[in-house]
Amino acid sequence: MVDATGLLPAVTVVIPLLAAVMILVSGRHENIRDGFTVAAAVAMLGSVVAMLPSILAGERIAVSLIPLLPGGDLALRVDAFGMVFALTAAVLWLLNSFYSIGYMRSLKEHAQTRFFFCLAVAIASAIGIAFSANLVTLLVFYEILTIITYPLVVHVETPEAMAAGRKYLAYLLIGGVFLLAAVVLTYILTGTTGFVPGGFLAGSAPPLTLQVLFILFMVGFVKAAWMPLHGWLPAAMVAPTPVSAFLHAVAVVTAGVFGIVRIAGWVYGMDLLASLGLGTLLAVIASFTIITASLFALTEDNLKRRLAYSTVSQLSYILLGVSMLSIAGMTGAMAHIPIHAFLKITLFFVAGAVIVAAGRERISDMKGIGRKMPVTAVMFSGAAIGICGLPPFSGLISKVYLALGAVEGGVPILLLVLVASTVLNAAYFFPIIHTMLVASPDDERSLDSVSEPPLLMLVPIILTTVASVLIFFYPAVPFMDLVEIAIGEITGSVIP
């Protein structure tokens, strides 16, 4: 008899896939169609939460799906780090589903059935990545995620959107070729692709080969948007705002940084990374990206594009934490995944709310908008403060761990990067807060028709902001508990 718990990883992936089919079937009846979206989001979250107690107890849940080759079957395995990503994605997909319904209906967007179908398949792919037992499975779901999000990026079907879609596919598909090469080379060197806490590559090849392999992985995970391989992300902001939120917080970019952390901790291991000098390479890439992307953000008047460059910068906090090759640094890297996701999705939710309620996308056109949208503007202010690393929002937690990691890892110079980034965060966020809440509009009458967005959009904005505060006060439940278990695995103090 098969333990029902052992089937839950597969069930979790199948739920949104089934919903995708039902969304297509019921496409002409929008209430039924959108009901399937919400029902699937609730069911998927329930499936993820059902596995949480076992993972927190130190257990692992594994299931083989399709035999492919020795050491490279299509298989799922739920561990603590995968649960960090999966739980974050599941919670935010539910909130994004309500938000998306409100947004798409308010703007009377076309092709809504295609939109929700693609979102459902995309979240299934993200969960598949989170629960991948090996590199082969991760590669399969990673590439599915690339293909299925293309229609979302080009949804509005304007020439600008189609150009952005071409750039999106060019970057991500070429990255996929590099990732495939990395997986094949790993299999040739070791005869396996299964993730092992602490890594399995040590002694498998000369140092130069392993260094080149790591570069292949880095380029392969181009979804992490590190510079100079970031151009696809700001361009993709032409997509509807729920897509932007999905790309930045729920699935795509998170999949990129998740993959890099997975490679660092479960393929290479921190000791091997250190002996190969790869921590230095990562530190240079991350530091350059963090500072340069922030400078680009300062120049953007379009709110979504400014947020996109903020994401490029913030994602490299995760790479910076890995580069420190210390327990505190890796802890900060893992913790920053859910922390950034909740904060950044709030900011994109607000950007979409302003588009729906006021038809404005440029920051310079948002003077005094907080007078008509006070809740929305205050929620934006809170999330922006959180990104800057100020209490009582969760962004402070990962920044503290990263600062400790820099000292613990013997690279205190990286503290300067964190300080400079914090100053730049304030420089590109505080003027937006001032514009929304303090500045007077050029024409008072221009705000007469502006009001808060529909409740289907406003409630998710409030909930994600509140969640960021709750994570600050109660970080252990459950995210930091999961991170602690994952760190224990890759440092050898916990036997999976």
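Predicted model: local features only at pLDDT ≥ 70, side-chain atom pairs only at ≥ 80, totals over all residues.
Arg-445 is exposed, at 64% relative accessibility (exposed means over 50% relative accessible area, buried under 20%, partly exposed in between, with a 1.4 Å probe and protein chains only). Residues are numbered from 1 along each chain as its sequence is written, and side-chain values use heavy atoms, with hydrogens and water left out.

**Salt bridges**

- The whole structure holds twelve salt bridges (a side-chain nitrogen of Lys or Arg within 4 Å of a carboxyl oxygen of Asp or Glu).
- Asp-443 and Arg-445 pair through their side chains at 3.6 Å, N to O.
- Salt bridges with shared partners join Glu-30, Arg-33, Asp-34 and Arg-105 into one network.
- Arg-262 and Asp-79 form a salt bridge at 2.8 Å, N to O.
- That pair links distant parts of the chain, 183 residues apart: Arg-262 lies in helix H10, and Asp-79 in the loop between strand E2 (74–78) and helix H3 (80–106). Helices (H or I, at least four residues) and strands (E, at least two) are DSSP runs numbered from the N terminus.
- Arg-262 is buried, with a relative accessible area of 1%, and Asp-79 is buried at 1%.
- Asp-301 and Arg-362 form a salt bridge at 3.1 Å, N to O.
- Asp-301 sits in the loop between H12 and H13, and Arg-362 in the loop between H14 and helix H15 (374–387), 61 residues apart.
- Arg-362 counts as partly exposed because its relative accessibility is 43%.

**Cavities**

- There are three cavities of 30 Å³ or more (on a 1 Å grid over the protein atoms alone, a cavity is a set of points where a 1.4 Å probe fits but cannot get out; lining residues have an atom within 4 Å of a point).
- The largest cavity has a volume of about 40 Å³, the space filled by probe spheres set on grid points joined across faces, edges and corners.
- Its lining includes His-248, Val-253, Leu-315 and His-340.
- Helix H10 (252–268), helix H13 (303–323) and helix H14 (327–358) each give two or more residues to this lining.

**Thr-289**

- Thr-289 is in helix H12 (residues 278–299) and counts as buried because its relative accessibility is 0%.
- Beyond four places away in sequence, the contacts of Thr-289 include Trp-226, Met-227 and Val-312 (contact means heavy atoms within 4.5 Å).

Key
1 Å grid on protein atoms, 1.4 Å probe; cavity = no way out; pocket = protein on both sides within 12 Å on 5 of 7 lines; lining within 4 Å.
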